[in-house]
Every structure is written in structure tokens, then in C-alpha cells.
Amino acid sequence: MKEIHIINGPNLNLLGRRQPEIYGSQTFEAYFATLQAAFPQVRLHYFQSNHEGALLDYIHEHGFRADGFVLNAGAYTHTSIALADAIAGVKTPVIEVHISNVYARESFRHHSFIAAVCKGAIVGLGLRGYALAITALLDE
Ligand code: DQA
């Protein structure tokens with residue numbers, strides 16, 4: 001069974017309550033249950049942290065055996081060279097996901113430090129982006 005890890009970065013624990021006009025009103029825990037039902041053939045894991053180092057540790061720990069990471073790094077996308085180095089340093093392919101269309105928002109959201117070391121990116125399609133990323137990883 002393939003193992004895919006969904007990794008959410010800072011403030012994404014607030015999904016459902018945080019700026020629902022941008023991020024929707026569903027909690028990630030509720031959405032994760034629908035993902036598990038949609039992909040019964042995959043062992044899905046979910047990890048969220050507000051701490052950059054904890055995200056790095058998780059990528060190091062699972063990045064040599066997991067089949068894929070779906071990573072929404074939140075604001076660390078736009079700031080973290082360390083996260084880019086962690087992704088580059090492991091074997092597991094990573095798909096970058098953003099719920100909102102970062103290119104239609106403030107210019108500081110237009111640059112991603114992780115894009116160049118990810119396999120691809122899905123941006124602006126809401127929570128659906130996570131399911132699309134899993135589908136893409138399964139095609140690998
Ligand atoms: C986000 C976009 C980021 O710019 C922002 O900092 C987030 C969420 C998204 O999913 O749209 O926290 O990654």
C-alpha cells in the first residue's frame with residue numbers, strides 16, 4: 001500500500017475558522033476523513049505544525065520511505081530556504097499545494113522558495129487541491 005503524507009504548515013490548524021472567505025469553512029480534520037474515504041487504496045497520514053523545525057524533522061524522518069508528500073507550507077512557502085533544502089535533501093517526491101490562489105493575492109505570496117524543489121504545484125483550487133495532488137502522486 002502506498003504511503004502518502006499530507007503536511008500542513010503554520011496557521012493551517014485554523015482551517016474552518018481562519019478567514020473562511022479565503023480558505024473555506026471546512027476543518028482539515030473533516031476534509032481528511034473524506035480524503036481517506038476517496039483513497040481507500042492509500043495509507044494517508046496527516047501532520048500539521050506551526051513550527052518550521054518540526055516540519056523539517058518530519059520531512060527528514062519520513063522522506064526516505066514515504067511514497068509522496070503533499071505539502072502546504074503556508075507562509076513558510078514564501079520565507080523558508082531551510083524547508084527547500086529539506087525537500088531537496090530527501091527522496092520522497094513533494095507536491096506543493098495552496099488552497100488560495102496566491103498569485104491573485106499580495107505580491108509577497110507570489111514567490112515560493114519550495115517550488116523549484118517540488119515535483120509540481122496545485123494552487124487556488126481550494127481543498128480539492130490535496131485530492132488532485134494525491135492523484136498525481138499515485139500516477140508516479
Ligand atoms: C496558503 C497561502 C499562503 O500564502 C498563506 O500564508 C497560507 C495558506 C494557502 O493554502 O493558500 O497560510 O498556503
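**Figure 1. Contacts across the whole chain.** Residues 24 or more positions apart account for 79% of the contacts in the chain with a separation of 6 or more. The model shown is predicted. It contains 5 helices and 5 strands, and from the N terminus on these elements run β-α-α-β-α-β-α-β-β-α. The radius of gyration of the chain is 14 Å, which agrees with the value near 14 Å that a compact globule of 140 residues would have. Along the principal axes, the C-alpha atoms fill a box of roughly 40 × 35 × 25 Å.

**Figure 2. Surface and charges of the chain.** The accessible surface comes to about 6,800 Å², and 54% of this surface belongs to carbon and sulfur atoms. Buried residues make up 46% of the 140 residues. The chain carries 10 positive and 12 negative side chains. The centres of these two sets lie 3 Å apart.

**Figure 3. The largest nonpolar core.** In soluble globular proteins, nonpolar side chains tend to be buried together. In this chain the largest nonpolar core has 23 residues, of which Ile 6, Phe 28, Leu 35, Val 70, Tyr 130 and Ile 134 touch the most other members. At least two residues of this core come from each of strand S1 (2-8), helix H2 (28-38), strand S2 (42-48), strand S4 (94-98) and helix H5 (128-138). Helix H5 gives the most, with 5 residues.

**Figure 4. Surroundings of Phe 28.** Phe 28 is one of the residues that touch the most other members of the largest nonpolar core. With neighbours within four places in sequence left aside, Phe 28 is in contact with Ile 6, Asn 8, Leu 15, Tyr 46, Leu 127 and Tyr 130. Of these partners, Ile 6 and Tyr 130 are also listed among the core residues that touch the most other members.

**Figure 5. Leu 35 in helix H2.** Leu 35 has its place in helix H2. The residue is buried, because its relative accessible area is 2%, under the 20% limit for that class. Not counting residues up to four places away in sequence, Leu 35 touches Ile 6, Leu 44, Tyr 130, Ala 131 and Ile 134.

**Figure 6. The buried side of helix H5.** The buried residues of H5 are Gly 129, Tyr 130, Ala 131, Ala 133, Ile 134 and Leu 137. An α-helix has 3.6 residues a turn, so residues three or four places apart point the same way. The buried residues of H5 pack against S1, H2, S2, strand S3 (68-72), S4 and strand S5 (120-123).

**Figure 7. Ala 133 in helix H5.** Ala 133 lies in helix H5 and is buried, with a relative accessible area of 0%. Leaving aside neighbours within four places in sequence, Ala 133 is in contact with Val 70, Ile 95, Val 97 and Ile 122. Ile 114 is 19 residues from Ala 133 in sequence, and their C-alpha atoms are 16 Å apart in space.

Figure 8. Lys 91 lies in the loop between helix H4 (81-89) and S4. With a relative accessible area of 69%, Lys 91 is exposed, since the limit for that class is over 50%. Apart from neighbours within four places in sequence, the contacts of Lys 91 are with Gly 63 and Phe 64. Lys 91 and Ser 49 are 42 residues apart in sequence, and from C-alpha to C-alpha they are 21 Å apart in space.

Figure 9. Most residues other than glycine have a negative phi. Asn 11 has a positive phi, near 75 degrees, and lies in the loop between S1 and helix H1 (20-23). Gln 19 is found in the loop between S1 and H1, and its phi is also positive, near 35 degrees. Asn 11 counts as partly exposed at 36% relative accessibility. Gln 19, at 37%, counts as partly exposed.

Terms used
Residues are numbered from 1 along each chain as its sequence is written. This is a predicted model: local features need pLDDT of at least 70, side-chain atom pairs count only at pLDDT 80 or more; totals for chains, interfaces and linings use all residues. Side-chain values use heavy atoms; hydrogens and water are left out. Helices (H or I, at least four residues) and strands (E, at least two) are DSSP runs, numbered from the N terminus. The radius of gyration is taken over C-alpha atoms; the globule rule is 2.2 Å times the number of residues to the power 0.38. Buried means under 20% relative accessible area, exposed over 50%, partly exposed in between (1.4 Å probe, protein chains only). Contact means heavy atoms within 4.5 Å. Accessible areas come from the Shrake-Rupley method with a 1.4 Å probe; for residues, only the protein chains shown count as cover. Lys and Arg count as positive and Asp and Glu as negative; His and the chain ends are not counted. The place of a charge is taken as NZ of Lys, CZ of Arg, CG of Asp or CD of Glu. A nonpolar core is a set of buried Ala, Val, Leu, Ile, Met, Phe, Trp, Tyr and Cys residues joined through side-chain atoms within 4.5 Å.
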